[in-house]
Amino acid sequence: MTLWNNPTNFIADWLRGVFSGWGMAEGLAVILVTLIGIVVMASLVMLLDIFLVWVERKVVARFQDRLGPNRVGPFGLIQPFADIIKLIIKEDITPDGADKVVYNLAPLLSLMSVIILWAIIPLAPVIFGVDLNVGALYLIAAGAIGTLSIIMAGWSSNNKYALIGAFRQVAAMVSYEIPMVVALLIPTILAGTMGMKGIVDAQSIWFVILSPLGALIFLISAIAELGRTPFDLNEAESEIVAGFHIEYTGMKFGLFYAGELLHAFTFGTFLGILFFGGWNGPLPWGGQYPLIGALNVVIKGLFFYWVIMWIKYTLMRIRIDHMLAFNWKFLTPVAFVLLMVTALMDKLLAGTAPWIYGMGMFLANILVGWLALEAARAYARRQRLAKEALAQPATQAAHH
Amino acid sequence: MTALQVLFILSAAVILGSALMVVTVRNLIHAALWLIVTLFGVAVLYAMLNASFLALVQVVVYIGAIAILFIFAVMLTRKEMRDRGPQLNKTWWLAGIIGLLTFGGLAWLLNNWSGFWKTAGVIPAGADTMRDLGVALVSPNAYVLPFEVASVLLLAALIGAVYLAFNRK
C-alpha cells in the first residue's frame with residue numbers, strides 16, 4: 001500500500017501510527033482518525049462549493065452573452081471571497097413573529113442534507129466514506145431531510161410568500177421523488193446491488209447505454225428535486241419574490257444558496273456514478289490510480305452540473321399544474337413501465353453475450369421512450385381536436 | 001459499558017424526551033417537528049441493529065412522507081397554530097390506565113419470549129443482508145403472503161383516494 005494506489009488509507013494508517021506513538025489508546029486513535037476524515041471531506045466539499053459560485057456566475061454570464069465577474073483576481077476568481085465577506089457583514093435580520101429556533105435551524109439542515117450525500121460518493125475504488133449496501137435509498141432519505149428544511153424555512157419565516165414557496169417546493173419534491181426512486185432502481189437491477197461502489201464496478205458497459213431513458217428520468221427528477229428552472233416554482237421571483245428564503249439575510253441566505261449549487265453538482269456527480277461509469281473514463285487508468293479516478297468523477301460531476309445549468313438558463317418556468325400533470329400522468333407511468341421492462345429483459349437476456357444484452361436493453365429503452373412519446377402526442381391531438389370542435393361549430397354548420 | 005450501549009442509552013433518551021415533547025408542547029407545528037426527532041431516533045436504533053434498510057426506509061417514509069403530510073394537514077386545517085385549551089380532559093385517568101396496561105402487557109410478553117434475553121447474532125463478513133431480505137420478502141416459504149396482503153391494502157387505499165378526489169363531470 002503506497003500513497004499512489006491507496007492514498008486515503010495510507011494517510012489514515014500513518015496518522016493512526018502517529019497517534020499511537022503519542023501513547024493514545026488504539027480505539028480512541030481510530031475514532032479520531034475517522035473524525036478527521038469526515039471533517040476533511042466535508043471541508044473539501046465546501047471549498048469546492050466556493051469555487052462553484054464562481055463557475056455558476058461565469059457560465060450564466062456566457063449563456064446570457066455577458067462576461068461575468070472579471071474584476072477581482074484573474075478571471076474574477078477572487079469574486080466568491082468578496083461575496084462571502086459581503087454576506088458575513090450584512091445585518092442578520094430575524095423577522096417579527098418568526099419562530100426563532102426553527103428559523104435558524106432550517107438553513108443548517110438545508111446545507112447538511114447535501115453534504116451528507118458525499119458520505120456515499122465513491123471517488124475511486126479505495127476513496128469513499130462508507131460503502132452502504134442501501135446507497136440508492138440513502139440518496140432519497142437525504143432528500144427527505146432537504147424537504148423538511150424547506151418547509152421549516154417557509155413556515156417559520158412568518159411570511160405568506162415564503163409559505164407559498166415552501167408548499168410549491170414540497171409538492172414538487174414529494175411527487176418527483178417517485179420517478180427518482182424508480183430511476184434509481186434501474187441501476188440497482190442492472191448491477192444487482194444498491195451500493196454505489198458495486199454499481200460502478202458493474203458498469204463494464206456504462207448504464208447510460210443499457211438504459212438511456214432511465215438516465216433521462218433521473219436527470220429530470222433531479223432537476224425538480226433541486227428546484228431549478230424549469231421547475232423553479234419555489235422561488236419564482238416574478239410571482240412570490242424569492243419563495244421560501246425570502247426573509248433570510250446574510251450568511252443564512254448564503255447557506256441556502258451554497259446548498260443549492262452544491263446540490264446541483266452533487267446530483268451531477270451521482271448521474272456520473274450511476275449511469276456514466278463513475279471513476280472509469282474519460283481519463284484512462286481511473287480504476288488503477290485513485291487520484292485519476294477521483295479526477296474522473298469530478299470531471300463528470302462538473303460536466304453534468306454544466307448540463308443542469310444549460311437547462312436552467314435555456315428553458316422557461318412551467319406552470320405548477322403542468323409540472324404536476326407532467327409528473328403524475330407522464331413521467332411516473334413511463335418510469336414504472338421502464339422498470340418492469342428492464343427487470344423482464346434482465347431475466348430474459350441473462351447469460352447471453354454482453355453485446356446481445358446491451359443491444360436488447362438499449363432497444364427496449366428506445367421502444368418504451370418512443371411509445372410514451374406517441375401516447376403523449378395522441379393525447380395532445382385529441383385535446384386539440386376537442387378544442388377545435390368546441391370553437392368551430394358555427395362555421396361548420398354554415399358549410400352544410 | 002461499550003460504546004454501543006452508550007449510544008443506545010443516548011438515543012433512547014432522545015426518543016423518550018422528544019415523544020414527551022410531542023404531547024406536551026402547545027404549538028402544533030412544534031409537536032410535529034418533535035415527532036420527527038422521535039422518528040429519527042427510531043431510525044438510529046435500527047441502524048445500530050445493523051438493519052440499514054429499515055433505518056433508511058424509516059427516514060424516507062416516516063420523515064419524508066408522513067411527517068411532512070402531518071405538517072401540511074396542520075397548516076391547512078388550523079387558523080391558529082397554538083392550542084389554548086386545557087391539555088387534559090375528564091377521562092385522562094382512563095387513558096393513563098390503558099397506557100400502563102399496554103406497557104405492562106408488552107413488557108410481560110417480551111419478558112416471557114425466549115429471544116428477548118439472547119444477545120444479537122454476529123453477521124458474518126461479506127453477508128449481503130439486503131439480498132437476504134429481498135429474497136425473504138418474495139419467497140413462498142417466508143413472507144410472500146404478508147407482503148402481498150400489505151401491497152393489496154395499500155392499493156385499496158390508493159384506489160380509495162383516487163375515488164374520493166375524482167371529479168365527476
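Since the model is predicted, local features need pLDDT of at least 70 and side-chain atom pairs count only at pLDDT 80 or more, while totals for chains, interfaces and linings use all residues. Residues are numbered from 1 along each chain as its sequence is written, chains are lettered from A and ligands numbered from 1 in the order in which they are written, and side-chain values use heavy atoms, with hydrogens and water left out.

Helices first. Here they are DSSP runs (H or I, at least four residues), numbered from the N terminus. Helix 6 of chain A has 32 residues, and its end C-alpha atoms sit 46 Å apart, in agreement with the 46 Å it should span at 1.5 Å a residue. That expected span is 1.5 Å times one less than the number of residues.

Helix 13 of chain A (residues 320-348) has 29 residues and reaches 40 Å from its first C-alpha to its last, close to the expected 42 Å. This helix bends too, by about 35° at A:N327. Its buried residues (under 20% relative accessible area; exposed is over 50%, partly exposed in between, with a 1.4 Å probe and protein chains only) include A:M323, A:N327 and A:L331. Among the elements covering them are helix 9 and helix 14 of chain A. Helix 6 of chain B is another story: of its 22 residues, the number buried is zero, so it lies largely in the open.

Next comes the place where the chains touch. Chain A gives 20 residues and chain B 24 residues to the contact, where contact means heavy atoms within 4.5 Å. Together the two chains bury about 1,900 Å², 83% of it on carbon and sulfur atoms; buried area is the accessible area (1.4 Å probe) that two parts lose on being put together, summed over both. The count of salt bridges between chain A and chain B is zero. On the side of chain A that touches chain B, the largest share, eleven residues, comes from helix 5 of chain A.

Now for the charges. Side chains of opposite charge can pair when their charged atoms come close. In one of them, A:D83 pairs with A:R57, the closest N and O atoms being 2.8 Å apart. A:D83 is in helix 3 and A:R57 in helix 2 of chain A, 26 residues apart. A:D83 is buried at 18%, whereas A:R57 is partly exposed at 30%. A:K252 and A:D92 form another salt bridge, at 3.1 Å. A:K252 lies in helix 11 and A:D92 in the loop between helix 3 and helix 4 of chain A, so the pair ties together parts that are 160 residues apart in sequence.

Finally, A:E56, A:R228, A:E260 and A:K312 are linked in a network of salt bridges. A:K312 is in helix 12 of chain A and is buried, with a relative accessible area of 18%.

Terms used
Helix = DSSP H or I, 4+ residues; strand = E, 2+ residues; numbered from the N terminus. Bend = angle between axes of the 7 residues up to and from the residue. Salt bridge = Lys/Arg side-chain N within 4 Å of Asp/Glu carboxyl O.
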